[in-house]
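Let's take a walk through this fold, starting with a pair of strands and then moving on to the charged side chains.

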Amino acid sequence: MKTNIQTRKLIAALKKAGQGAPLWQRIASELERPTRHMSGVNLMKLNTYLQAGEIAVVPGKVLSVGILTKKLSVAALHFSDAARAKIAAAKGEALSIEELLQRNPKGNKVRIFKCKNV
């Protein structure tokens with residue numbers, strides 16, 4: 001069980017929204033996992049695998065390794081300060097998962113992006 005009250009509230013909201021959109025249910029189950037299993041995604045990976053204008057959800061932390069050359073909307077549980085600055089410099093958006101849930105309650109055209117922990 002998560003001890004952070006904000007994360008617990010987010011998981012509850014995602015489960016409630018997940019009744020109509022399976023994407024949010026999947027993200028809630030990813031966030032329920034132990035913190036040591038949360039994925040950290042570098043901007044280099046986002047730049048490689050996503051097209052300009054796409055929306056990605058990272059159920060973990062976005063890190064600043066690499067260069068971002070595409071305009072992307074990225075929603076994540078956490079961002080490093082440098083990653084947030086690089087996304088803004090590429091004219092993209094760094095959103096919280098709650099903000100994306102409010103903007104897109106049906107979860108249309110959103111990709112879940114995570115890397116396996118080694």
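**Strands first, then charges**

Start with strand β3 (residues 73-79) and strand β4 (residues 93-96), which pair in the parallel sense over 4 bridges; two strands count as paired if DSSP finds at least two bridges between them. Ala75 has Leu95 in β4 as its bridge partner. Helices (H or I, at least four residues) and strands (E, at least two) are DSSP runs, numbered from the N terminus.

A word on the ground rules. This is a predicted model, where local features need pLDDT of at least 70, side-chain atom pairs count only at pLDDT 80 or more, and totals for chains, interfaces and linings use all residues. Residues are numbered from 1 along each chain as its sequence is written, and side-chain values use heavy atoms, with hydrogens and water left out.

Now the charges. With a salt bridge taken as a side-chain nitrogen of Lys or Arg within 4 Å of a carboxyl oxygen of Asp or Glu, the count comes to 6. One of them joins Lys114 to Glu30 (3.0 Å, N to O). That pair links distant parts of the chain, with Lys114 in the segment after β5 (110-112) and Glu30 in helix α2 (residues 22-31), 84 residues apart. Glu30 is buried at 10% relative accessible area (buried means under 20%, exposed over 50%, partly exposed in between, with a 1.4 Å probe and protein chains only), whereas Lys114 is partly exposed at 35%.
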